[in-house]
Amino acid sequence: MAEIKRIKIGAASCGLAAGAGEVVTAFRALDLSYPVVETGCIGHCYAEPIVEVELTDGSSIFYSHVKGDEKNVNDILALGEENRFTVSAERQKLEKLMVTRLAGRIDPKDMEEYKANGGFSSLAKAFEMGSEAVIENMKKSGLRGRGGAGFSTGMKWGFLAAKKDTEKIMICNADEGDPGAFMDRSLMESVPFQVLEGMLIGAFATGASRLFIYCRAEYPLAIKHLKIAIDKICEAKLNLFPGRDKALEIVIKEGAGAFVCGEETAMIASLEGRRGQPRFRPPFPTDRGWNSFPTSINNVETFANVPVVLADVDAFTALGTPGNTGTKIFALAGDLKYPGLVEVPMGVTLADIVYTIGGAEKGAVKAVQTGGPSGGCIPAEEFGARVDYDSLKALGAIVGSGGLIIIGNDRCMVETARYFLDFTHRESCGKCTFCRVGTMRMYETMERIVAGKGVPEDIDFLEDLGQKIRKGSLCALGQTAPNPVLSTLRYFRHEYEAHVVDKYCPAKVCPALSDVAVEETKCIKCNLCRKGCPVGAISSDIKVDNSKCTRCNSCIEICPKKAISRVKKGTGFDSSK
Amino acid sequence: MDKSFSYLEELGSSRNELIKALQMIQNREGYVSDDGIRAAAEHFSLSAADVEGVLTFYAQFKRNKPGKYEINICDGTACHIKGAPLIQEWISAELGIKDGETTSDGVFSLCVVACLGCCSLAPVMAVNGKVYGQLDRKKLIKILNEYRKKEA
């Protein structure tokens with residue numbers, strides 16, 4: 001019978017937040033004869049903390065929702081049947097783990113283990129084939145930037161390589177600022193060597209001599225793992241390329257909390273110690289970038305793709321659809337059963353991702369927001385759409401960095417759009433008038449609408465101003481800021497109309513347009529709601545004082561008889577619905 | 001230069017390091033004081049206004065002294081949908097402070113931040129970097145009381 005070879009505990013940020021730290025301590029305290037290692041994330045965040053038991057026969061058993069208590073730990077060490085974790089066959093069929101093949105499966109801090117799993121073989125291959133052939137291969141692969149814009153990585157590198165007799169800079173954009181996207185964090189935490197191998201290959205191919213990683217300061221674990229990896233790479237002299245006399249400089253720069261710095265010219269300004277404001281392009285950074293040196297900026301996931309591409313270009317191009325090759329990692333969050341990360345070939349349908357992989361219930365979802373606050377929403381009727389750069393654009397949304405927020409039937413689309421604008425109007429850098437003032441005016445209008453003070457003309461105003469902000473803004477932040485409003489207007493116009501004409505929130509979410517009421521025939525006067533109410537809005541005869549109520553839903557959730565619910569403002573149970 | 005900022009010397013004098021310098025000051029002091037701004041300006045040969053201009057652009061920097069326990073509430077998309085505004089309201093009601101403020105005893109400060117990257121555990125908050133997920137009111141009050149107990 002196979003014996004235990006090693007215990008692996010998923011200890012990326014999401015695992016740690018779910019309690020992986022206690023699990024690690026519990027296993028380590030036992031002084032086992034085999035190693036207990038902290039790995040990264042395998043993408044199944046909903047099942048965290050996850051423990052993988054590696055056996056001597058090469059197979060593995062996974063356990064989910066592991067607690068650090070004695071019973072649970074002993075159960076796992078005895079290879080018990082309880083809490084075993086498996087991935088459904090339907091999901092496995094859709095998934096294609098290329099970039100995330102090693103994520104969560106190896107010790108992120110162990111260079112030898114990365115090497116033993118094929119790590120740095122693509123770098124060696126790059127040295128063999130020479131820089132020009134690397135760029136040719138990147139072009140042939142069709143890899144498009146995974147940060148959102150979808151520009152050809154091979155072409156960008158080609159522009160930089162063509163610059164002669166100058167110092168050249170390469171920047172890794174790790175300023176993952178889209179709320180709802182966390183694939184870059186996961187890659188940096190789980191496979192930092194793979195991201196760095198991609199960067200080394202890029203630097204070799206383009207002749208760059210200085211590398212920056214611009215990472216959000218909110219990702220301390222990612223920064224820690226990258227630092228360890230950089231130290232080990234420098235120690236092994238992997239940053240000294242054949243034929244070069246000077247080793248490559250790799251520096252991590254911590255961002256300081258500005259969403260707009262994800263835009264490349266803003267990022268460069270920030271790296272120069274200035275306010276992170278974008279500038280007009282051209283000149284493009286590959287002509288004039290950091291401190292005027294030619295600069296190429298690529299996203300974390302793009303770099304993590306590079307070793308995979310070079311290992312086998314044909315295998316890469318065989319995946320996805322023409323013009324959208326390879327795989328994409330999506331971050332699933334919101335109203336679904338299995339939030340987490342998933343890597344699928346480009347071109348699978350939204351229905352595949354939302355229902356089959358995400359486990360969302362058919363009929364319970366009304367839309368999905370792609371690409372974060374810069375993206376748009378796509379209604380459930382369009383879930384047959386293929387997920388690639390071009391198909392989503394046709395629907396008024398974008399792939400963006402790959403965040404997918406699933407929006408359930410009980411959410412208000414107007415409120416959701418208002419929220420995204422709240423984010424973008426605050427993140428506007430203030431350079432372009434349409435973005436600075438326009439997003440503010442749009443936001444104020446949305447606030448008015450959800451507060452029940454909207455007028456029918458507001459809808460036309462939003463549409464008109466949205467188009468103008470698109471045209472009048474220099475960078476992608478402004479150009480895409482109206483997307484959430486424009487796309488919800490396109491598909492959920494009736495919800496806006498209900499708010500402004502009937503003063504009614506169909507989802508009964510907006511506090512100003514809904515009340516909380518008790519259905520007296522169902523109520524058993526158990527007083528649980530009254531005790532649970534944080535603001536004392538429920539009287540002793542179980543009536544809700546809606547002027548005090550903050551619509552926190554505590555009573556609705558706690559009621560054993562489901563007697564409490566949201567109703568249209570000013571209506572009790574008799575006249576509602 | 002003010003001697004207490006002599007650690008800036010290790011950065012060299014290129015303006016490229018300005019943000020790093022401000023981060024170093026904040027890491028040590030918990031915020032960037034007027035003295036910190038003056039020290040950075042002197043070190044990089046910039047005007048204090050220029051330094052303040054850069055500082056105010058970035059959300060990370062604080063000009064007010066934070067509390068001993070810094071509560072960051074995530075208001076990213078997933079957390080917002082799952083009720084982050086309520087978490088904020090509850091904390092405000094419990095501690096009597098709003099976003100960006102510190103309690104009068106200097107124990108807690110509250111800050112609403114963009115995504116913490118733990119969307120699958122929404123709604124989440126972090127206290128001095130330790131992340132608490134799947135919050136509801138009961139859990140939240142329990143966490144706050146634990147920190148209060150430490151101070152009592």
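**Chain A and its partner chain B: a quick tour**

Chain A splits into five pieces: domain 1 (4-86), domain 2 (111-313), domain 3 (324-408), domain 4 (413-500) and domain 5 (514-568). Keep in mind that this is a predicted model. Chain B comes along too, with 34 of its residues in contact with 39 residues of chain A.

**Overall build of chain A**

- You'll find 24 helices and 17 strands in chain A.
- The C-alpha trace of chain A stretches about 80 × 65 × 40 Å along its principal axes.
- Chain A has a radius of gyration of 26 Å, which agrees with a compact globule, because 577 residues packed that way would give a value near 25 Å.
- As for burial, 54% of the 577 residues of chain A count as buried.
- Take the contacts in chain A with a separation of 6 or more: 71% of them join residues 24 or more positions apart.

**Domain 1 meets domain 2**

- The centres of domain 1 and domain 2 of chain A, taken over C-alpha atoms, sit 33 Å apart.
- Four residues from domain 1 of chain A and six residues from domain 2 of chain A make up the contact.
- On the domain 1 side of that contact in chain A, there are two nonpolar and two polar residues, and no charged ones.

**How chain B touches chain A**

- Again, 34 residues of chain B are in contact with 39 of chain A.
- By class, the chain B side has 20 nonpolar, 10 polar and four charged residues.

Notes:
Residues numbered from 1 in each chain as written. Chains lettered and ligands numbered in written order. Predicted model: local features only at pLDDT ≥ 70, side-chain atom pairs only at ≥ 80, totals over all residues. Helix = DSSP H or I, 4+ residues; strand = E, 2+ residues; numbered from the N terminus. Rg over C-alpha atoms; globule rule 2.2 N^0.38 Å. Buried ≥ 20, exposed ≤ 12 C-beta atoms within 10 Å, placed from the backbone. Contact = placed C-beta atoms within 7 Å. Domains from an automatic or database assignment. Nonpolar A, V, L, I, M, F, W, Y, C, P; charged D, E, K, R; others polar.
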